[in-house]
Amino acid sequence: MSFVEFSPVSHWLDTCLPGQSLPRTVKSKVKTFNVALNGKEKGMYHGLCQGFNDLLDACGQSKHFVMKVTGNNHNTSVQGTAEDGDDNKLKPDLVVYSETRDARKLFTLFDTGRSVGRTIWSHSEFMVEVKHDPRLAPFSSERPSDRLPGAINREDARGQLIEYAREMCSRQHRCFSFIISVMRHHARFIRIDRTAALVSEAFDYVKDPTPLATFVYRYTKATREARGFDPTATPATRAEAKMFRELPAQFSDQPLLQSVLRKAATPGWPIFKLLIRGQWSSDDQPMRSDSPIATRAFLVGRPLFRSHSMTGRGTRGFAAYDVVRQTIVFIKDYWRADPPEHLTEYEVYLALLGDEGQRCKFIPTLLGGGDVCGSPGTDVQRTLSGTFVDPPLPERVHVRLVMKEVCRRLQSFNDWRELVSVLRDALRAHQSAWEDHGILHRDLSVGNILIYERPSVPKPEVVGLLADWDLAKPRQLVLKPKASQPSRSGTWQFLSAGLGFFPNKPHVLSDDLESVMHVLNWLSLKHLETHYSSKPETLPQVMRNMYDTATATGLCSGDKWNHTVSGMLFFPHSFPPNHPFIALLRALSALCKCQYELLPPDDLAAFAANGTLEEACTSETRRVPVVEPLLYPWSAQPVNLDPIMPPLNDHRASLAAFDRALQQKEWPAMKKLDDQLPSDPPTSSFGAKRSATDAGLKGHSSKKKRQ
């Protein structure tokens with residue numbers, strides 16, 4: 001996360017929370033903060049709490065807002081587990097709440113003092129984090145400071161602030177959030193969005209409480225939108241919330257929908273109504289470019305999944321109730337990057353689904369949505385902070401896409417044959433997108449391939465869907481990349497070895513096709529009985545070395561590179577070599593080995609530099625001399641391929657390997673084990689996963705000059 005310091009404090013206030021100056025009538029009522037600064041951190045809480053509540057009273061807002069000491073009381077009112085990131089152990093020191101009946105019911109603790117309350121993320125307005133020991137403070141107390149303190153404890157303190165912002169934006173529907181960092185008698189204002197954090201210089205709030213009073217006055221007078229809330233999301237009425245919580249009972253004959261709706265209606269999670277304006281399909285068919293524009297309402301609760309990073313896309317997925325059509329749909333809510341010339345995911349779906357004659361199969365059905373606008377008459381919702389970073393970071397735009405299909409995660413596959421079938425469907429979607437529409441996905445990963453149970457008689461038909469096209473690029477940008485355009489993107493674990501080892505290599509079709517092999521190997525290490533399964537101390541290390549490790553210079557591990565370019569399987573096993581699943585893995589490994597022999601990554605970087613990349617990556621024109629005949633272990637039948645062509649320059653060889661495996665009538669027993677390495681599925685993008693800027697612990701300070 002990048003931290004940008006503003007000096008003076010008034011510059012931060014005018015940029016991040018614009019409003020009128022503190023009126024004299026209010027200023028005359030502002031009291032001095034009486035905080036115990038000579039003891040320990042917890043001794044400061046009640047003085048700060050009383051001081052903020054005095055400010056709320058001076059501003060005439062004590063009936064609408066209240067501050068509570070929450071540092072000892074995490075949220076126990078919401079169900080959740082550590083596995084899905086909802087263990088609710090986070091507890092900021094002090095929180096300001098809106099004084100509503102629902103909020104008061106949740107934050108009130110009856111067996112403690114009046115100033116003490118429970119941490120309730122869903123109703124928090126802003127929070128205050130306190131430090132007494134300078135060695136544990138996130139920032140320097142100097143005014144202004146030239147750099148961020150580099151000690152591990154201080155990096156952790158900044159990471160704690162980002163965690164709080166992430167949790168508040170995840171539990172609510174927010175565009176940004178405010179935090180006040182207090183170090184003894186000094187304080188700083190912080191505004192955090194999905195791009196960076198804007199931080200005021202330190203000020204002495206004991207000597208002069210005017211900056212705090214100005215913040216509280218402006219905040220309490222501001223609209224909900226100016227306070228960071230998304231104006232298109234409002235709390236559902238009691239009747240709407242009751243109806244939503246009763247939905248699971250209506251789907252007893254559809255276990256998947258019942259399961260996702262139960263999670264959406266988790267007790268303690270508030271129900272919201274989202275108003276989404278855009279073009280909408282009039283039926284269950286994909287939205288088209290000429291579809292009518294309207295505003296539709298959807299009810300949502302707890303997300304089915306959510307990003308655990310504050311920076312980046314911040315993706316959340318919701319099982320939603322379509323109020324107009326009275327059906328269950330899926331909503332993808334995220335913050336897209338906004339670089340010039342790139343297709344948005346919305347535009348990609350329009351291209352893939354718009355032409356009925358060449359409509360791409362095996363992808364989700366887009367019903368509507370798009371970029372989210374703020375209040376009526378305002379522009380789309382964008383982050384603010386990127387323009388203040390030096391060098392500037394691209395801003396992000398809020399997006400909601402409504403899909404017809406509610407799917408299962410890829411890791412929920414029932415058996416290995418089903419997994420292979422689902423991946424084959426995803427490959428067919430990938431082929432159609434590239435060959436018929438000139439679009440490359442660029443992020444084939446476990447999280448972006450879904451299992452859909454298509455309604456059918458006598459039982460649902462299981463198909464694979466290739467989703468999450470927000471990193472996709474058109475053919476002309478893939479094969480003719482600009483020299484200044486970074487090419488490496490995707491989910492780190494499934495990035496091709498070539499991209500992982502050669503950062504300047506252009507991302508081309510063969511990289512996506514190699515990713516499919518890594519998806520199969522990654523799932524095998526987690527769910528297949530290999531020789532590593534009996535060595536619990538070895539398996540985690542193997543997974544880290546193969547897929548999680550990045551060197552200090554941002555390269556993938558040597559293990560991943562060596563296994564891929566040599567055609568080795570990624571794990572030892574005791575299954576017959578002709579088992580369809582093992583034969584498929586061997587075939588895909590052989591294809592990758594052949595690709596690297598015929599078209600080395602450093603050659604591709606040179607081709608991109610001299611403008612011949614398209615010729616090198618087009619199977620109809622590429623000619624490479626071969627020393628010895630190539631064997632095609634993925635099929636016993638002749639395949640109509642030119643053996644001197646790099647086999648991953650098109651989809652034919654990969655699909656032939658999958659087809660051959662699925663044509664085998666006998667699939668000897670191969671048990672799917674429970675996850676041997678439980679963790680959240682990796683999420684893209686590469687930049688958000690690997691760079692220190694987005695890691696949430698390290699950042700840089702870019703000081704704004706006085707204005």
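So, let's start with the aromatics: this structure holds 29 aromatic pairs, where rings of Phe, Tyr and Trp (its six-membered ring) pair if their centres lie within 6.5 Å. Before going on, a word on the source: this is a predicted model, local features need pLDDT of at least 70, side-chain atom pairs count only at pLDDT 80 or more, and totals for chains, interfaces and linings use all residues. Residues are numbered from 1 along each chain as its sequence is written, and side-chain values use heavy atoms, with hydrogens and water left out.

Take Trp121 and Tyr164. Their ring centres are 5.9 Å apart with planes at 40°, so this pair is tilted; planes under 30 degrees apart count as stacked, over 60 as edge-to-face and the rest as tilted. Trp121 sits in the loop between α4 (101-107) and β4 (124-131), while Tyr164 is in helix α5 (residues 152-171), 43 residues apart. Helices here are DSSP runs (H or I, at least four residues), strands too (E, at least two), numbered from the N terminus. Both Trp121 and Tyr164 are buried, meaning under 20% relative accessible area with a 1.4 Å probe, protein chains only.

Next, Phe178 and Tyr219. With centres 6.0 Å apart and planes at 80°, the pair is edge-to-face. Phe178 belongs to strand β5 (residues 177-183) and Tyr219 to helix α6, 41 residues apart. Phe178 is buried at 1% relative accessibility, and Tyr219 is buried at 0%. Both are in one aromatic cluster, whose members also include Trp12 and Phe215.

The axes of α1 (residues 9-16) and α6 (residues 210-221) come within 11 Å and cross at roughly 5°; axes are lines fitted to C-alpha atoms over the stretch in contact, with angles from 0 to 180 degrees between N-to-C directions. That makes α1 roughly parallel to α6 (angles under 35 degrees). Touching there (heavy atoms within 4.5 Å) are Val9, Trp12, Leu13 and Asp14 of α1 and Pro211, Thr214, Phe215 and Arg218 of α6.

What about α16 (residues 580-598) and α19 (residues 652-663)? Their axes come within 9 Å and cross at roughly 170°, so these helices are roughly antiparallel (over 145 degrees).

Finally, cysteines. How many disulfides does the structure hold? The count is 0, a disulfide being a pair of cysteine sulfur atoms within 2.5 Å. For Cys169, the nearest cysteine sulfur is that of Cys175, 8.3 Å away. Cys169 is buried at 1% relative accessibility, and Cys175 is buried at 12%.

Note on methods:
Angles under 35 degrees count as roughly parallel, over 145 as roughly antiparallel, 65 to 115 as roughly perpendicular and the rest as oblique. Buried means under 20% relative accessible area, exposed over 50%, partly exposed in between (1.4 Å probe, protein chains only).
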